[in-house]
Amino acid sequence: MKNPLSPIPPLEEEKIKISKPKEVAAGLPALVSSTKHLRDEQNFANCTSALFNMNQMDGFDCPGCAWPDPDDERSRLGEYCENGVKAIAEEATAKRVTPEFFQQHSIQELSTWSDYQLGKSGRLTHPMILKEGASHYEKISWEAAFQAIATELNSLNSPDEAIFYTSGRTSNEAAFLYQLFVRQYGTNNLPDCSNMCHESSGVALSQTLGIGKGSVKLEDFYITDLVIVIGQNPGTNHPRMLSALQKAKKAGAKIISINPLPETGLIRFKHPQSPSDMMGRGTTLTDLFLPVRINEDIALLKAILKLLIEKDQEQTLFDHDFIASQTTAYQDFINDITQYDFDTLVQRSGVSEKKIKKAARMIARADKIITCWAMGLTQHKNGVANIQEVVNLLLLKGSVGRPGAGTCPVRGHSNVQGDRTMGIWEKPKPAFLDKLAANFEFEPPRHHGFNTVESIEAMHEGKAKVFFAMGGNFISATPDTNYTAEALQNCNLTVQVSTKLNRSHVITGKRAIILPCLGRTERDVQGSGEQFVSVENSMGIVHSSTGTMTPASKHLLSEPAIVCELAKATLGEKSKVNWHLYQNEYDLVRDAIESTITGFENYNGRVRSGYGFYLPNCARDGDFKTATGKANFTINPLSDINLSEEEYLMMTIRSHDQFNTTIYGLDDRYRGIYNGRRVILMNKADIKARGWKQGQHLDLVSIYDGIERKALRFMIVEYPIPTKCVATYFPEANVLVPVNHFADKSHTPISKSVVVQLFQTN
Ligand SMILES: Nc1nc2c(c(=O)[nH]1)N[C@H]1C(S)=C(S)[C@@H](COP(=O)(O)OP(=O)(O)OC[C@H]3O[C@@H](n4cnc5c(=O)[nH]c(N)nc54)[C@H](O)[C@@H]3O)O[C@H]1N2
Ligand SMILES: Nc1nc2c(c(=O)[nH]1)N[C@H]1C(S)=C(S)[C@@H](COP(=O)(O)OP(=O)(O)OC[C@H]3O[C@@H](n4cnc5c(=O)[nH]c(N)nc54)[C@H](O)[C@@H]3O)O[C@H]1N2
Ligand SMILES: [Mo]
């Protein structure tokens with residue numbers, strides 16, 4: 001290719017329709033919508049049979065989100081969820097991307113397709129190679145593909161010139177083998193989607209509570225007094241969480257939601273498996289909604305904290321025994337809060353004083369509090385601070401480390417938490433490396449590898465030359481699309497292990513290889529017979545997942561098999577690991593995990609029994625393994641973003657019809673937006689102030705360090721969002737997110753607080 005392909009497809013004319021946002025989540029429309037997605041994939045029978053096996057004890061784990069399954073009430077269909085159905089329909093589709101498909105469509109042509117069109121093409125069936133300068137992918141044998149990758153890897157000046165990315169669907173078994181291979185090859189360059197996702201949670205929680213994971217169990221929801229849902233849209237992204245919230249409500253809990261948008265699922269919910277819900281009005285979930293300004297959660301929390309501190313004058317409100325015996329830095333924290341002026345905090349938060357006072361009263365009354373959050377807190381410059389401020393609130397009430405209370409960072413991908421537990425991390429702990437060294441007889445690299453942002457920069461600067469992705473869609477998931485495209489196109493070789501076609505197969509290095517793999521739902525047969533894998537959900541339960549469907553193509557390999565073959569081809573005699581045995585029988589991989597990672601005692605036994613097992617969690621037990629040996633209060637400054645007259649703060653969010661970069665459809669039913677995705681949600685007053693109207697188009701510009709980034713033609717949608725705040729969908733708006741601006745300490749791109757200017761499209 002003379003000119004590198006553009007990562008931005010040409011803009012299509014969209015006929016977007018707008019109606020009022022929905023007030024109730026799920027219910028009948030959810031059933032209708034999921035049925036439509038099954039039908040569209042032309043494989044109704046296959047998909048329906050898949051659904052019967054989802055989240056059943058002997059079936060597979062839903063490839064959607066990481067919310068746990070209730071153990072007590074599984075219905076025949078597993079626990080029902082509209083977006084789980086869409087995830088299954090995507091994987092069980094009857095459509096295929098074959099070698100003939102690639103003969104018909106050049107990559108030049110594919111680069112002009114939308115993400116929606118690319119994804120809808122179907123499942124990849126054969127390993128494919130794009131040779132240097134070629135216009136089309138062509139078929140390659142598995143053996144030749146592994147050989148080509150191995151040769152390229154072995155020709156690098158240093159193993160650190162290769163990058164090995166992981167998305168969060170990869171099973172524990174595949175992830176463990178993958179990091180073992182990568183470290184035996186010689187690098188810790190293991191960035192993952194977590195770097196763009198809950199990394200801020202991991203950093204904040206490790207520092208304050210001694211473990212980077214949440215502390216609550218599902219049962220805690222049923223005995224809690226108060227759930228605070230902050231910076232999360234569960235109705236769309238974790239629909240099964242709504243049943244837990246409903247159950248909490250029925251048991252007497254209150255719910256506070258903190259979000260710039262009145263997200264549908266948070267307001268009212270009809271359980272699709274409850275006839276009385278379906279007939280009636282459903283359950284009102286949120287008791288108090290606080291429409292916070294984007295990135296002003298710390299101001300809001302500090303305003304609430306100030307009121308609580310006043311109420312605790314007699315020392316009767318906070319859990320002073322807990323504070324005295326289990327925490328540090330309480331007095332510093334109190335001194336810091338007292339410096340702030342209440343009115344300024346209220347004003348910055350964008351929430352009325354009346355609502356803030358009500359929130360403080362509700363929190364004051366609650367003994368047991370659970371706080372749930374997701375990307376609304378993590379993807380900001382101060383993402384780590386956001387979460388630490390949440391922890392401060394919980395600590396005051398002694399609401400960590402006891403039943404009915406605690407932290408609940410709601411994870412994204414179905415095994416993103418497990419992948420980290422397995423060692424997919426660019427900053428491995430020395431103790432973990434020591435174990436690897438002892439068990440597998442090699443000297444693992446000790447220096448830290450690149451995270452996602454550093455990987456992009458390294459490829460851009462020519463410091464990294466091979467990019468290998470275990471799943472995911474790097475070009476569309478990462479910030480600064482044009483810059484990242486240049487980075488990938490700089491590589492000598494890019495390799496994607498994938499189930500479905502996506503933009504990362506089109507925006508490639510000089511050479512590119514696609515390795516098509518089995519999906520979560522599919523039967524995995526190896527030398528020793530049928531295999532199952534295991535995953536860890538958002539609450540630290542490890543359980544099995546057994547594919548039951550016929551694979552989409554007979555040429556697919558499982559992810560563990562791909563890693564083993566690649567390790568054999570690349571490492572040869574250098575590795576003392578018997579990769580062949582691991583590939584043959586995953587029980588042996590689990591034994592290897594058991595001998596390397598704490599908490600996996602009798603892995604093979606326990607993972608086979610019922611619902612799996614909990615991993616140890618010190619915060620849950622109230623044993624805070626931090627540097628101080630206690631839970632730490634922290635001091636967190638306010639956001640330092642100050643918008644000028646012409647600037648707005650933009651968050652990039654998910655529509656109801658997408659799973660990250662996979663676009664299921666073009667509707668966002670809950671928000672009342674149909675038939676298109678290039679929209680910008682704006683407050684009525686802001687639209688009026690500029691003399692604009694709903695339906696008009698705007699060009700969006702972000703300027704960081706003097707560099708101007710542009711995204712064109714977004715249609716204005718009038719929406720109840722705080723003034724000066726706007727929302728767009730990801731990945732369309734990723735071009736505007738600067739690669740070199742990210743959360744302090746966690747390096748998570750600032751996808752939820754991008755300063756933009758708006759101009760009417762010519
Ligand atoms: N169906 C479906 N399910 C998914 C996914 C999907 O794409 N589709 N993705 C999966 C993944 S990987 C993840 S990480 C999760 C993501 O789950 P979410 O984090 O719920 O996803 P987002 O759409 O990014 O929504 C962020 C929410 O935070 C709010 N928000 C944004 N900025 C702020 C802020 O400054 N303060 C506050 N308080 N709120 C804010 C937004 O209005 C929005 O409601 O979902 C997982 N599950
Ligand atoms: N602007 C902005 N950017 C964001 C976000 C945001 O909110 N705003 N969110 C961020 C977050 S939270 C995340 S987690 C990342 C997501 O980043 P990624 O995890 O990289 O992206 P996905 O879209 O989840 O990856 C989808 C692709 O995975 C492949 N796939 C699906 N199932 C399997 C499987 O079983 N095995 C293999 N090998 N491949 C499979 C398919 O080919 C599919 O095209 O994006 C981040 N980017
Ligand atoms: Mo995520």
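Visitor: How do the residues of the shell around ligand 1 divide into nonpolar, polar and charged?
Guide: This is a predicted model, in which local features need pLDDT of at least 70 and side-chain atom pairs count only at pLDDT 80 or more, while totals for chains, interfaces and linings use all residues. Residues are numbered from 1 along each chain as its sequence is written, chains are lettered from A and ligands numbered from 1 in the order in which they are written, and side-chain values use heavy atoms, with hydrogens and water left out. Nonpolar here means Ala, Val, Leu, Ile, Met, Phe, Trp, Tyr, Cys and Pro, charged means Asp, Glu, Lys and Arg, and polar means the others, Gly among them. On that scheme the shell around ligand 1 holds 13 nonpolar, 15 polar and four charged residues.

Visitor: Of the 32 residues around ligand 1, which come nearest?
Guide: A residue belongs to this neighbourhood if one of its heavy atoms lies within 4 Å of the molecule. Of the 32 residues around ligand 1, those that come nearest are N259, E263, D297, Q658 and N660.

Visitor: How much of the area that ligand 1 exposes when taken alone does the protein bury?
Guide: The polar contacts (pairs of N or O atoms within 3.5 Å; within protein, one must be able to donate a hydrogen and the other to accept it, and residues adjacent in sequence count only if both atoms are side-chain atoms) include one of 2.6 Å between a polar side-chain atom of E263 and an oxygen atom of ligand 1. The backbone takes part as well, with a polar atom of N295 at 2.7 Å from a ligand 1 oxygen and an N or O atom of G376 at 3.5 Å from an oxygen of ligand 1. Taken alone, ligand 1 exposes 920 Å² (Shrake-Rupley method, 1.4 Å probe), and the share of this that the protein buries is 99%.

Visitor: From which domains does the shell around ligand 1 draw at least three residues each?
Guide: Domain bounds come from an automatic or database domain assignment. With those bounds, at least three residues of the ligand 1 shell come from each of domain 1 (11-22 + 643-760) and domain 3 (203-409).

Visitor: And from which domains does the shell around ligand 2 draw at least three residues each?
Guide: Ligand 2 is surrounded by 30 residues, the closest being Y165, S167, A477, E559 and T661. By type, its shell divides into ten nonpolar, 15 polar and five charged residues. At least three residues come from each of domain 1 (11-22 + 643-760) and domain 2 (44-196 + 415-423 + 441-471 + 479-550 + 568-611).

Visitor: What percentage of the area of ligand 2 does the protein bury?
Guide: A side-chain N or O atom of T661 lies 2.6 Å from an oxygen atom of ligand 2, whereas the side chain of T499 has an N or O atom 3.2 Å from a ligand nitrogen. A nitrogen atom of ligand 2 is also 2.7 Å from a polar side-chain atom of N734. Ligand 2 exposes 930 Å² when taken alone, and of that the protein buries 96%.

Visitor: How far is C372 from the nearest cysteine sulfur?
Guide: A disulfide is a pair of cysteine sulfur atoms within 2.5 Å, and a search of the whole structure finds zero of them. C372 is accordingly in no disulfide, and the nearest cysteine sulfur, that of C408, is at 4.0 Å.

Visitor: Is C618 buried or exposed?
Guide: The sulfur of C618 is too far for a bond, because the closest cysteine sulfur, in C408, is 17 Å away. Buried means under 20% relative accessible area, exposed over 50% and partly exposed in between (1.4 Å probe, protein chains only). With a relative accessible area of 12%, C618 is therefore buried.

Visitor: With which side chain does that of D61 make a polar contact?
Guide: D61 is found in the loop between α2 (44-53) and α3 (82-91), where helices (H or I, at least four residues) and strands (E, at least two) are DSSP runs, numbered from the N terminus. At 8% relative accessibility D61 counts as buried. Its side chain is joined by a polar contact of 2.9 Å to that of R520.

Visitor: Which residue's backbone oxygen lies 2.7 Å from a polar side-chain atom of T338?
Guide: T338 is in helix α17 (residues 330-338) and counts as partly exposed at 49% relative accessibility. The backbone oxygen at 2.7 Å from its side chain belongs to I334.
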